[in-house]
Each structure stands twice: as structure tokens, then as C-alpha cells.
Amino acid sequence: MRELDSIDVQRLNGVGPHRRKALHAVGVETVFDLLTYYPRRYIDRTAQAPISEAAVGAEITVVADVLSVSSRRLRGGRRLVSVEVGDASGTMSVIFFNQAWRERQLTDGLAVAIFGKVENYRGRKQMTNPVVDLLGDRTGRIVPVYPQSETAGIATWDVASWVAEAQRRCSPRGIADPVPDWLRSRFQVVERAAAVADIHEPSSMSDQAAARNRLVFDELLRVQLMLRSQRLAREARELGIAHEPAGDLIEGFHRLLPYELTGAQRRAMADIDADVSTSRPMHRLLQGDVGSGKTLVALHALLVAVQNGHQGALMAPTEVLAEQHFIALRALLDSFEIPDSERLSGMRPLRLCLLSGSGSATQRREVLAEIATGAADIVVGTHALLEESVKFGSLSVVVVDEQHRFGVSQRAQLREGGRDDRRIPHLLVMTATPIPRTAAMTVYGDLDVSVLDELPPGRTPITTQWVRGPLAVESMWSDVRSEIEAGRQAYVVCPLITESESLDARSAERMHAELADGSLAGLRVGLLHGRMPPADKERTMTRFRTGGLDALVATTVIEVGIDVPNATVMVVLSADRFGMAQLHQLRGRVGRGSHASSCYLVSDDEPTPTAVQRLTALSESSDGFELAERDLELRGEGTLFDERQSGRSDLKLASLARDLTWVQAARDAAADLIAADGDLDAHPALADEIDWFASRRDPDYLQRG
């Protein structure tokens, strides 16, 4: 595969500069890219119905030749394209509305595969706006159909001929299989060469299925081997700081809590205690639904550092969230004292500091001095913690919140900044976006995972409604006003800060003005968005938090971390423009007190089919883990990998939504193949493939060793 990835696709006959440019436009640059440019579907000509046997009302595929094409303009400027197609058994009409380009595409004599519903129009069989694949002169029992691009000028028969030539020119040497025989036998997968051949030109659909299974296994095994080898190598070379997790400080903190911890919180804390008690640096992901109590678990980890005479740091992606964490921790640690042998009383107040980009120069110098001397026990901050001027006295535990917003290099930078005599701090990364099980094993496979799957007592249920139409919207604002008049507070979230000509979505500024003069007139309505000066943002949040505002019109700056127990209403405008995870996060800003809470998802008049599925799912479920699985089914895994790293997608055939069995198989195989130190020396062919694969994802991989 490494060799094939080094051969430019232009080396193939028929691929000149023009075709090379077209292939590059669809992500095919090398022969490897071409061989992994897989068919998007297959036409089984052994099961294909002739036109004469196509039953009216049935959805079928017909393979036929184009006999004639005509078009005419209809009222209103629309165009109708009429195509006559036929096979050896008969003819039928195919009609396209508002697809004028079909007249250029479907030329006389062209072989096409047409999929659609058979209708009866004036005694003749007809299909309207069917799916059409151009086949050229291709024959065979199973015909693969490749992704085609009219703009790039790539047709399915072109791809098929280039793939066939690539395989022909590979055949003298063959395609090497780095997976050992015993492993192939264990998982009952075919050899790689057979899989590459049968995915493109299968003799039967069972051959195609076997080929897909092997290539899916390869994709997932590459990811698992890379993640596992990197993790084991990291553990072998990094030296951490061993802590004693039990002690008076931790026991005192637990006694001060006003409520019982959930079983899930206790399990997560036990995981952390086991990690930090060794000199192997912790590398753990803490995931939990909104309101599941991640902050307390994080604080437990930070206090273990303080109890052992070191410092803890909590990094958040935004100033609003960092300030919210600081306020929440300050409330939990109010009057909290820790041992200090230099004090007459033997105790001193625990020192909690906030470092962000908005403080004054004097404040910043003071905080930096406290961080450097170790006087600051716990430091909360934003990206400012990554700056070169920030030097910790003895940083031993780092917590990164909403970790998907930070790159891997940023997290590593924070860990490096805390080195004490070459010792690496323990790292706990948190996310409030539940991760599907397959993604947790694949995308985040280099992390140990703790899951908070229970909600603390006192969390009230949230009723979610999907609101459509002017009457429903008017009724919603009436309900919001009634809730405010009963002493509660409300959020109103807009997708944009100011008006945009390109997006027909309500802006926060315009909505603030409209509500203040309209549906919420006479009430105290505030405005919060990311472009406001930090001092204004904090002033607005303080007013809302302390009850000085009845409603807060905001952008998604409030998506995470904001905790106002008296807020019981969440209104999300243009909700169809938000992702499912984001909507679930926004919904989690309410339901934090003792009163019943409501979330209203207001959509445009005609949302897309995918948006309808998202909004329906949110209306039916408040379980973040269930929603994460549904979101994965709707969106696919591409976006998950985009959060993790840039570059070409690792998965071209494998689907995290469908291939859980193969994810687990690849994970088990990686564990069997790699030695405890992360070494693949016993399997040099696999080691070579993983080095190549890692360098494709990360060009600096080999330089970094």
C-alpha cells in the first residue's frame, strides 16, 4: 500500500493531465487512492427485471439503452425532459422535471441503469425523476457503480477501466498482505489481494460482502494499531508523578458536599485514583451527559494534586466557560483550607486563580508569579495557560474541558509546560458530548474512558417541543412570559450575532430588540455574544445569574458550562440549523433547579429531511448517549474524525454506525499483535504499513519519532 500510495495516478494509461486534474478534484491522487475509490453501489444483473416484467407500483432497477431524448418548457418556466429507453423485452418512458441537464447527459445509445417506481401513464410504463447511473458499454453479472462527478468530468466506466488497469499492472508482483495467516483465520477474512479485486469486480454479492468485511477490518485495524502503539510507546517513555489519592484533604472535600455522589461519579473517581497513584501519566477521557456531575469529578482529581503538594490546572476553550468554572469551583471551595506547616495554625486557605486574556497587566503579573512559585494551588484558564510566559512550580494534574475544541498538540503543550524534573502531569480530558461506543473505541482509542451515565438527584426532567408555524410560535412566547412572571428565567438562543445576507436566520441583536419591544416587552432582557468585551460579558452573565435579568438572548456562547438553577426555559431559534449534539448541550442549560423545565426548538417552515429527523429525535429522547448513536447514523463518522484531526478520512468503507463487530475485532487484534512497549517488530510488514498510514494522517509523524 505504501508503494501504491507513492505512484501518481497519471502513470496509468488514459490518465493525462486533464484526467489527473479531474481525479484530484475527487481526492484521487495516487494509485492507492484509486483502488480505495470504492463503488457506491452495485447492480446485480442476474436479479435485474426486464422492462416487460416490471410491475406497475414496484421499485426496481432497469438496465436499458437510451433510444431518444426530447424536452419542452412548461408553464412557470420549468422544463420537462422526456427519455425513451429500451431493452430486448420492450420500452418505457422516463420523465424528468426541472432537470434540464439530463438532455445533455442522456445521449442516444447510452447504456444506463435506472432505479425508481414504475408508473402507468396512458397505458405505458413510466418512471418519474428516477436515480440514473451511466454504465457505458460495461457488462458482467455484477456491475459496480462508482461515485461520478459531472463537474470534474468523471464517469463510472472511466473509473472502472482505470481500476482494472491498476490491478492488471499490480498482478505480476501481487498485493502484499501484512496480516498474519493465523489472524486472518481467526477472524475469517479473505486475503487482501482477493478483497481488492472483489470489491471492484465481484462475481457475486457474497464475494462483494466478503471483500468489504476484509477491507473494513483493514481500515479499523490500521487505526487501532496506530493508536495502541502510540499509547504504549508514550507510556514506556513518559515518567509521571505518583500520588497518594487518599488523605484528609480529599475526605474533607467529600464531607463538605451538600449531596451524595452518584455511583458513576464514584467509579470515575476510583479510576482516576488508580491512574494517579502510579508514575505512569494518566491519559483519561471523562465523558458524561449534560448535568452528570463532571465538574465534581474534575475537582476531585485537582485536589489529589494539591493534597500531594503539587498544582492542578483546568483549561476551558472560552473565557465565558473558564469564568463559569472559576465561579463554580470557588463556590465549592469557599472557606476550604489545606495543611501548611509554615503557618502557626497549620492551615491556610486553598488558593484558586483565574488566568484569561482579559485581566489587567497587573493582575496577570500577580497570577503568573503565584503560578510560578506554587502559591496558586489550582489554576483555571483558557488558551492563556499555553503561553510561554506561564511556568508552573509543580503541575501534576491537568484537566481539559470540552477537549474536542483543543488540538492534540495544544493538550501536549500544556502537559509539557508542567514538567517537573522531566515528569509529565496526569491528564484528564472531559467532554459533555456523549460519544458513541464505536467512536470511543476508534477515534479516542488512545485514551482510557470513564463514563458518567447517571444524573445526580434533584435534576428535573425537561420537556422538549418542536415548534413550527406562527400560531405555535405565538403560543410559545406566551408560555415563556408566563414562566418568567412566575419568577423563573429564560434563555433565547440565535445562530448568528448580526444579520447575514447569506443565511436566513435570526440574529441575536435583532431578536433582542424584537423581544424587548414585543413578546417580552416590560421584562428585563439581556444580550450575550462572543464579540462583546469580556467585562460586558461577565457583567451580563452576573446579572442573569443573580436574577437581575429575566431573559438572556444569546448565541451558542452559552452552550456549555453555564449553570443558573432558576433558568427553566430554553428557546432555540432556527433550531434546524444546529447539530444534534449542540442542541442537546443547549437544552442542558435548563433543568438544573427544582422546577420543571421546558425546551422549545423553533424551526423554519420547511426544514430538510435530516433536520426533521434530528428535531424529532430530540423531542423524543433526553438521553445523550442514545442521541449520540442516532446522530452518528444521520451524519456518518466524517465529522467525528474532523474533530480529532485534519487530513483525509481514515475510513472509506467502514461505518462506525454499522460496523461495531469489526471495531471490536480490530481492537482485539491490535491487542494481540503489539508488544507491551508498543513495538510491532514481530510483524515488520504491519509496522511498515502503520508508519506509512500515520505519516499520511500526520506528515510530521516520522520526524517526531
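This report describes selected strands, helices and loop residues of a predicted model.

## Basis of the model

The model is predicted, and local features need pLDDT of at least 70, side-chain atom pairs count only at pLDDT 80 or more, while totals for chains, interfaces and linings use all residues. Residues are numbered from 1 along each chain as its sequence is written, and side-chain values use heavy atoms, with hydrogens and water left out.

## The seven-stranded sheet

Strands of a sheet pair through backbone hydrogen bonds, either parallel or antiparallel. An open sheet with mixed pairing contains seven strands in the order β6-β7-β4-β3-β2-β5-β8. Strands here are DSSP runs of E with at least two residues, helices are runs of H or I with at least four residues, and both are numbered from the N terminus; two strands pair if DSSP finds at least two bridges between them. The edges are taken by β6 (119–121) and β8 (131–134), each with a single partner strand, so one side of each is left without a neighbour in the sheet. From one strand to the next, the twist averages 40°.

Within this sheet, strand β2 (residues 59–73) runs antiparallel to strand β5 (residues 111–117), and seven bridges join the two. Ala64 has Val112 in β5 as its bridge partner.

## Strand β23 and its partners

Strand β23 (residues 567–572) is mostly covered, with six of its six residues buried; buried means under 20% relative accessible area, exposed over 50%, and partly exposed in between (1.4 Å probe, protein chains only). Strand β20 (residues 489–493) pairs with β23 in the parallel sense over five bridges, and Val492 stands opposite Val571 in β23.

Strand β24 (residues 597–602) also runs parallel to β23, the two being joined by four bridges. Here Met570 stands opposite Cys599 in β24. The chain passes from β23 through α19 to β24 in a right-handed β-α-β crossover; right-handed means that, with the strands pointing away from the viewer, the path from the first strand over the helix to the second runs clockwise.

## Packing of α19 and α20

Two packed helices are described by the angle between their axes and the distance between the axes. The axes of helix α19 (residues 580–587) and helix α20 (residues 609–620) come within 10 Å and cross at roughly 35°. Such axes are lines fitted to C-alpha atoms, for helices over the stretch in contact, and angles run from 0 to 180 degrees between N-to-C directions. The crossing of α19 and α20 is right-handed, that is, the near helix is turned clockwise from the far one by less than a right angle.

Met580, Leu583, His584 and Arg587 of α19 make the contact with Arg614, Leu615, Ala617 and Leu618 of α20, where contact means heavy atoms within 4.5 Å. The residues of this contact divide into five nonpolar, one polar and two charged.

## Loop residues

Ser292 lies in the loop between β10 (283–288) and α11 (294–307) and counts as buried at 1% relative accessibility. Leaving aside neighbours within four places in sequence, Ser292 is in contact with Gln265, Leu452, Glu454, Leu455 and Pro456.

Most residues other than glycine have a negative phi. Arg122, in the loop between β6 and β7 (124–128), has a positive phi near 55° and is exposed at 75% relative accessibility. Gln188, in the loop between α6 (181–187) and α7 (192–200), has a positive phi near 55° and is exposed, with a relative accessible area of 75%.

Notes:
Ala, Val, Leu, Ile, Met, Phe, Trp, Tyr, Cys and Pro count as nonpolar, Asp, Glu, Lys and Arg as charged, and the others, Gly among them, as polar.
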